Amino acid sequence: MGIRNNAASAGKICLLVILLLVGLTVLGCIGIKTAPEGGSGGTIADGTLFLSPAIKQAGGFGCAPPSGGGKLVALNASDGSRLWEVPLEASKPAGGGFGCAPAVTPVAIYGKPAVAGDLVYVGGYNGKIYAISSSSGALRWVYPREGNLEPIVSGVVAALGKVYFGCSDGKVYALDAATGDKQWEFATGDKIWSTPAIGDQTLYIGSFDQKLYALSAADGSKKWEFEAEGAIVSAPLVYNNMIYIGSIDRHLYAVDAANGSLKWKFLADKWFWTRAVAHNNTVYAGCFDGRVYALGAENGEKLAEFDLGSPVYSWPVLVDGSIIIASEEGKVYTLDTADNQIELLADVEEAVYAPLCASEGVIYIYSQEQNLHALNAESGARLWSLTIK
Amino acid sequence: MGIGDIWNLIAMQPMINTLIVLTSYLLNSFGLAIIALTIVVNVLMYPLTMKQIRASKAMQDLQPKIAELQKKYAKDKDKLAKEQMRLFKESGVSPAGCLLPLLIQMPIWIALFQSIMRVMAVIPENLVGLSQYLYSWPVVYSTLPLTNEFLWLNLATGNIFLALLVGGTMWVQQKMVMTSTADPRQQTQSTMMLWMMPIMFAWLTMTFPSGLALFWVTSNVIRISIQYFVTGWGGLVKSAPKKQVGRDKKYKERIAQVEEAPEGADIVVPSSTEEEGLSYEESGGKRQDRGGGYPKSLRAIRRQPRRGRGHRRKRG
């Protein structure tokens, strides 16, 4: 090591190594997202597709603002033409201490918008619920009117004249659908990211406290609770007086809707994150292990399993007796429930996390690349693709 | 299998799952798990850390001699390099001695850092990402997601108290290893480092989840303890050095042997600190050396009887 000024060189090298260590440590964060991106997937009502696009974070430590997101967009479902869009922004900067946080930041929306009457409802990661006119995009009300709740990851359900959602503060809220006034709240033991489901005047919702709750939709009183072995993030499926719900403990549970008793449970290799779909007395559940399991609704017997090659995050949809399901890497499959045969419908070649939606033989898939793809549900032909951000 | 997969398999997965299991056994407290794992990793790295500190210490002890050589051979760079190499060789100090242990430790620290970030999984994207690192242990699945509350802190957000603690402990650690030098340029560099690093880390702490701050504070406290064990308070306390005992004394004797060799000897011909025109403190002698800076390679040499001033050392 032909060194001149060895001591100084060694000192400098040590300094460089320390700085490199700091640099690498910081760079180690790349790939670990620090800001929510959202991306809600679509909901269709009266030929209009409502969607909240994902936010693309600039990343690194630059002052570049995040791209897209923070809005509710209404599109013509037939051709994707934009009808209106409403910005949803947090008034307080959410940036770090780099002195360049923008005055307002886009709000990440994870849950599917819900439509009831002439209003569309979305819950934001900024802890607000927005009620917006489905025809004009005018803001009708916001909850809470002052301040914010904890982040809302759960989707919103609008039914029985109320709007229901779970919050990261561990509470389930019911608001008056017309005015946004709070009707009741119910506290669980931990965060709620699960989207609720309604069946027979009962609201079912899972919590990080590892429990599935059945609450009276009218007043929020608890009917029963069921304890799983791990936190529950997925949305419950109500089907034939049973509740089917997956957990990050790798089980899919079937629980009696009447009393919360366990009927059966099925163990997979990884988490169940997405909601299951049921048809013909069979439950179809996508899993992080890259498989879709077809299970007997009555007894949990495994009828078939299908390897999609990458995890399943997005909610599948049922279209004319076929389950349409997308894998994370963007492959879209159609699963014929009559004979449990699966075939590749299309490959959008982009990551898909958002729930799928379908209407009149068209599948709408929103990717994390901020593209909305409309596919023919039978042939898989791409009808149109749009960048929505 | 790519490099990323190998990294995940050998570093991230063990670290992440250990953190989760520790959380489960430590009252479901992620904060306690971070502290515990940081201590465990530090214990495992103790030999390397000691090696690094000792090498740095030995390097610091040679600074007065190096400064003198630089002064003496300012116009002859080749001679300077040659003499410096000889000084390092004779005193058993390697200029890169502090590098290797640091390089070996680096990936482990990065893995620990990344693991803490991943396990916190504040936003949905991170929780989804975490799923690919988990072992099929029931305790792992039943413990997740972790709660981010620890004492009065939310480990998912920045905290000014922890930021100050990170900056403060880092400053103390830096100050302990800081050495005085006659070279004003080096002195400026050292002072800059003394303030820049703590300020930079405190700033980073404010922008990162405070779970990381907990990791940094714990690491710094451990490093301060080890440093104290090896060198005493070092540059932190400007007091007269304690009576040298044990290995430190022997190490000093060996350095003195090198220093006392006569002009023109095959080994480097140093002069005493008085000859350099430096006071004891200016020469770095103010440090309380507790023996840790003693290089292994000097052990054999130190058994030789000390030669008097002017004695020409035989080679071979």
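Biologist: What should I know before I start?

Modeller: Residues are numbered from 1 along each chain as its sequence is written, while chains are lettered from A and ligands numbered from 1 in the order in which they are written. The model is predicted, so local features need pLDDT of at least 70, side-chain atom pairs count only at pLDDT 80 or more, and totals for chains, interfaces and linings use all residues.

Biologist: What is the mean pLDDT of chain B?

Modeller: pLDDT is the predictor's confidence in each residue, from 0 to 100. For chain B the mean is 74. In that chain, 72% of residues reach 70 or more. Over residues 266–316 of chain B, pLDDT is below 50. Where pLDDT is low, the predicted coordinates should not be read in detail.

Biologist: Which scores does the complex get?

Modeller: The predictor gives an ipTM of 0.86 and a pTM of 0.78.

Biologist: How is chain A divided?

Modeller: Domain bounds come from an automatic or database domain assignment. Chain A has domain 1 (36–187) and domain 2 (268–389). Their contact (C-beta atoms, placed from the backbone, within 7 Å) takes 19 residues from domain 1 of chain A and 17 residues from domain 2 of chain A.

Biologist: How many helices and strands does chain B have?

Modeller: Helices (H or I, at least four residues) and strands (E, at least two) are DSSP runs, numbered from the N terminus. Chain B has 14 helices and 2 strands.

Biologist: What share of chain B is buried?

Modeller: A buried residue has 20 or more other C-beta atoms within 10 Å of its own, with C-beta atoms placed from the backbone. Buried residues are 42% of the 316 in chain B.

Technical notes
Two residues are in contact if their C-beta atoms, placed from the backbone, lie within 7 Å. A residue is buried if 20 or more other C-beta atoms lie within 10 Å of its own, exposed if 12 or fewer, and partly exposed in between; C-beta atoms are placed from the backbone.
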